[in-house]
Amino acid sequence: MKKFRYKAAVAALTLAVAAGMCVPLSACDGGVDWGQFLETDFLTVEGSLVKNGNDETVQLRGVNAGGLLVTEHWMTGFLYGKTPSNDYRSLTQTFIQRFGEKKTKKLWTEYRANWWTENDFKYCAEMGFNVIRLPFTYMNLDFAAVTDYANAGKQYDFTVLDDFVETAAKYGMYTILDMHGAYGSQNGQDHSGQIIATAEEVDFYTNERMISLTCDLWKAIAERYKDHPAVAGYDILNEPGEKAGTTSKRHWDIYDRIYKSIRSVDERHIVIFESCWDGKNLPHPSEYGWENCMYSFHHYAGDKIDVNTHMASWQNKMTDIESRNFGVPLQMGEFTCYTNAEKWEKTLTLLNEHNWHWASWTYKIWGNNAWGVMNIRGSNDDKVNAAEDTYETILKKFKILLTDGSYTQNYTFTKKNESGENEVYKTLEEIYKESLLSS
């Protein structure tokens, strides 16, 4: 399927999903295995292109599964300003102190089961996405490290990654494994799972213990998935700059250590390197000998600017990056265009015209805004107070998170009509579908 013929692909997926079948990408091009990806679906880099085993060019376009494995409280239904502090590590530690490890694991299992069900994979496939970027932290695989780093790295549990990769594959979608949180936190932000107060206190890049643990974990991940064609690639560190700072050689040197750990067991999968934030903040891959790799960028232009200023910001960023001739595929790994439909339509068109790979932030969010395709419209009283809510109350509140529940709606844009009144325009889901069908 040359460059993923989206009109045919989306039509085939929609019909198959409606009929209750599970479809690999290859099925849209005459494949015969309807239950899993084929060996020919395995992706590798050739120059600035991503190719499958049939030498067909693949454009990865999709969404992030933000909030599933690492909870940013502003978007996942946990109260701010309460004990514990607003990060996944502290939250988990509080659950352990209150309920014990067994019940804490049960809580997180129930949280995930409500935040993301098989129907969510189905909806993503029906929008035309062929990839989901899955943010995770070391804590999802190495639970013992939550309470004491002395116990870290002794045993990994891949269940949550296995389940996600396999179910995404059933619906024809690749998974990008994105390490949002490394041991000790690579950036000190809540989305790493561990808040650190200042950039100066983020010591990951000089902390040999945390670096080694992270390299070892990536090696174990690569060993597990080295032959899995539904894993599109390994996004080795999310937004690595300390407290939203920029990346430079001291970060790249750690990238290289992680890259070599992966390559010691897996030569086949694409390795994704992130910039904070622009082209100048990544080296040319030849400086380190990086091969079969992709460069990823994030862009949040700001929600208070007009359409022309928004598009100029995007054009300037992409033009600068492209002018550096990295010679590798380029990805916009996170972005949003806020509450303006025209910004969304023009930005997606721009990305598609420039053949960038992309994954927007994000699929689901608490609140009523275009940061998420699906919006959970709960009140503050519906949010979890981890320090005070009973175990049974927390489980009950998690039920609110279901996409198919009464609290969740598709984000809908409005536009002013001739009378100056706001009227319904399109959902974000419809904008995605139109973008992918027209590309």
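Reader: What makes up the hairpin of S14 and S15, and which residue in its turn has a positive phi?

Author: In this predicted model, S14 and S15 form a hairpin with 5 residues between them, and the residue in the turn with a positive phi, of about 80°, is Gly420. Strand S14 (residues 412-416) and strand S15 (residues 422-427) are joined in the antiparallel sense over 4 bridges, and since a pair of strands needs at least two bridges, they count as paired. Within the pair, Thr412 stands opposite Thr427 in S15.

Reader: How do you know that S11 and S13 stand at the edges of their sheet?

Author: The open sheet consists of 3 strands in the order S11-S12-S13, with mixed pairing. Strand S11 (364-366) and strand S13 (408-410) each have a single partner strand, so one side of each is left without a neighbour in the sheet. From one strand to the next the twist averages 30°. S11 pairs with strand S12 (residues 374-376) in the parallel sense over 3 bridges, and Lys364 has Met374 as its bridge partner in S12.

Reader: Which strands make up the closed barrel, and in what sense do they pair?

Author: The closed barrel has 8 strands, running S3-S4-S5-S6-S7-S8-S9-S10 with parallel pairing, and its twist averages 25° from one strand to the next. Along this order, 7 bridges join S4 to S5, with Val131 partnered by Tyr174 in S5. S5 and S6 then pair in the parallel sense over 4 bridges, where Thr175 stands opposite Val231 in S6. Further on, strand S7 (residues 270-274) and strand S8 (residues 293-299) are also parallel, over 4 bridges, and the bridge partner of Ile272 in S8 is Met294.

Reader: Which helix packs on the sheet against S8 and S9, and at what angle to S8?

Author: That is helix H10 (residues 307-323), which touches S8 and strand S9 (330-335), its direction making about 155° with that of S8. Helix H9 (residues 249-263), for its part, lies across strand S6 (231-235) and S7, and runs at about 170° to S7.

Reader: Which residues have the most contacts inside the largest nonpolar core?

Author: They are Trp116, Leu177, Trp218, Ile221, Phe273, Tyr295 and Trp344, in a core of 126 residues, to which helix H8 (residues 208-225) gives the largest share, 9 residues. Trp218 touches Phe136, Leu177, Met179, Tyr234, Asp235, Ile236, Ile258 and Ile262, leaving aside residues up to four places away in sequence. In soluble globular proteins, nonpolar side chains tend to be buried together.

Reader: Are Asn292 and Asn325 buried or exposed?

Author: Asn292, at 15% relative accessibility, lies under the 20% cut-off and so counts as buried, whereas Asn325, at 59%, lies over the 50% cut-off and therefore counts as exposed. Asn292 has a positive phi near 50° and is found in the loop between S7 and S8; phi of Asn325 is also positive, near 50°, and this residue lies in the loop between H10 and S9.

Reader: How much space lies in the largest pocket, and which residues are closest to its centre?

Author: About 350 Å³ of space lies in the largest pocket, and of the 19 residues that line it, the closest to its centre are Lys105, Met139, Asn140, Phe143 and Asp157. Helix H3 (88-99), helix H4 (101-115), helix H6 (138-141) and helix H7 (159-170) are the elements that each give two or more residues to this lining, and H4 gives the most, with 5 residues.

Definitions and conventions:
Residues are numbered from 1 along each chain as its sequence is written. This is a predicted model: local features need pLDDT of at least 70, side-chain atom pairs count only at pLDDT 80 or more; totals for chains, interfaces and linings use all residues. Side-chain values use heavy atoms; hydrogens and water are left out. Axes are lines fitted to C-alpha atoms, for helices over the stretch in contact, and angles run from 0 to 180 degrees between N-to-C directions. Contact means heavy atoms within 4.5 Å. A nonpolar core is a set of buried Ala, Val, Leu, Ile, Met, Phe, Trp, Tyr and Cys residues joined through side-chain atoms within 4.5 Å. Buried means under 20% relative accessible area, exposed over 50%, partly exposed in between (1.4 Å probe, protein chains only). On a 1 Å grid over the protein atoms alone, a cavity is a set of points where a 1.4 Å probe fits but cannot get out, and a pocket is an open set with protein on both sides within 12 Å along at least five of seven lines; lining residues have an atom within 4 Å of a point. Grid points are joined across faces, edges and corners, and a volume is the space filled by probe spheres set on the points.
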